[in-house]
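Opened the notebook for a look through this model. I want to know which residues sit where, and what touches what.

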Amino acid sequence: MKIVKLISTHRLDPEKGRDLIVSRLHTVLSAGSEADYNIQYDICGDGSMRPQIEELVKLYPDHISYYGYLPLSKIFKNSLDYDFVLMPSKFLETFGLSALDFAQFGIPTIGYKKGWVAPFILDSLDIQKFEGNTEQEQFDTALHTILSAESFPTSDQKYIKDKYGATQWVKKFDKLTEKN
């Protein structure tokens, strides 16, 4: 069974899609050996869903770690260990800093390709492209399909790093903030 390392660094609120993550992870982790993958999920941030996150950590301490707020320097210390960033924001992201922050290390983001976060989410990781009648169903299908794949798209990770790496992300930021 492969180990999949995930991270989220945004606010712990439903509009950021944390409720989608909590529901899916509870379903997958309660299935135990039925899953095709072993999830290791690190959560950073604070917000209204902190009690639900803390409960999830109590239920699955071998799979989920909650760190509260951490400075980016501490988060980035282990950033190369992650396979994906989870950022299923339900509302239009006006900036998408989490996706941008991890893109410099070649870590792809699973999320909705809309708003200013769109340039940082690959088509293959766009939740909107997966089947489902509700946001929860789409997220569940997306996460299961992506994480069950035989291998992760390393060519996509190289593409992300080449396009948004440390030398490129400032250029991309400047382009996004240009006035027409």
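**Entry 1: T9**

I started with T9, which is in the loop between β1 and α1; helices (H or I, at least four residues) and strands (E, at least two) are DSSP runs, numbered from the N terminus. Before going further I noted that this is a predicted model, where local features need pLDDT of at least 70, side-chain atom pairs count only at pLDDT 80 or more, and totals for chains, interfaces and linings use all residues. I also noted that residues are numbered from 1 along each chain as its sequence is written, and that side-chain values use heavy atoms, with hydrogens and water left out.

Is T9 buried or exposed? T9 has a relative accessible area of 18%, so T9 is buried. The cut-offs I use: buried is under 20% relative accessible area, exposed is over 50%, and partly exposed is in between, with a 1.4 Å probe and protein chains only.

Next I looked up the contacts of T9, where contact means heavy atoms within 4.5 Å. Leaving out residues up to four places away in sequence, T9 touches R18, C44, I75, S98 and F102.

**Entry 2: the whole chain**

I stepped back to the overall layout. I found 7 helices and 5 strands in the protein. Read from the N terminus on, the elements go β-α-β-α-β-α-β-α-β-α-α-α. The protein has 180 residues, and 46% of them count as buried. I also checked contacts between residues at least 6 apart in sequence: 67% of these join residues at least 24 apart.

**Entry 3: L6 in β1**

L6 belongs to strand β1, residues 2-8. Its relative accessible area is 0%, so L6 is buried. What does L6 touch, not counting residues up to four places away in sequence? I got I39, Q40, Y41, D42, Y82, F84, L86 and L147.

**Entry 4: α1 by itself**

Helix α1 covers residues 18-31, which is 14 residues. I ran a length check, taking the expected span as 1.5 Å times one less than the number of residues. Which residues of α1 are buried? My list is R18, L20, I21, V22, R24, L25, V28 and L29. A reminder to myself: an α-helix has 3.6 residues a turn, so residues three or four places apart point the same way.

**Entry 5: α1 against α2**

Helix α2 is residues 50-59, and α1 packs on α2 at an angle of about 15°, with the axes 11 Å apart. Axes here are lines fitted to C-alpha atoms, for helices over the stretch in contact, and angles run from 0 to 180 degrees between N-to-C directions. At that angle α1 and α2 are therefore roughly parallel; the classes are under 35 degrees for roughly parallel, over 145 for roughly antiparallel, 65 to 115 for roughly perpendicular, and oblique for the rest. V22, L25 and H26 of α1 meet I53, L56 and L59 of α2 in this contact. I sorted the residues by class and got 5 nonpolar, 1 polar and no charged. Ala, Val, Leu, Ile, Met, Phe, Trp, Tyr, Cys and Pro count as nonpolar, Asp, Glu, Lys and Arg as charged, and the others, Gly among them, as polar.

**Entry 6: α1 against α5**

Then I took helix α5, residues 135-148, which packs with α1 at about 60°, the axes being 10 Å apart. That makes α1 oblique to α5. On the α1 side the contact uses D19, L20, I21, S23 and R24, and on the α5 side E135, Q136, F139, D140, L143 and H144. This contact splits into 4 nonpolar, 3 polar and 4 charged residues.

I picked out L143, in helix α5. L143 has 1% relative accessibility, so L143 counts as buried. L143 and L25 are 118 residues apart in sequence, yet 9.7 Å apart C-alpha to C-alpha.

T109 is in strand β5, residues 109-111, and is buried at a relative accessible area of 1%. T109 touches V85, M87, A99, F120, I121 and L125, residues up to four places away not counted.

Y112 sits in the loop between β5 and α5 and counts as buried at 5% relative accessibility. Beyond neighbours within four places in sequence, the contacts of Y112 include L20, E135 and Q138.
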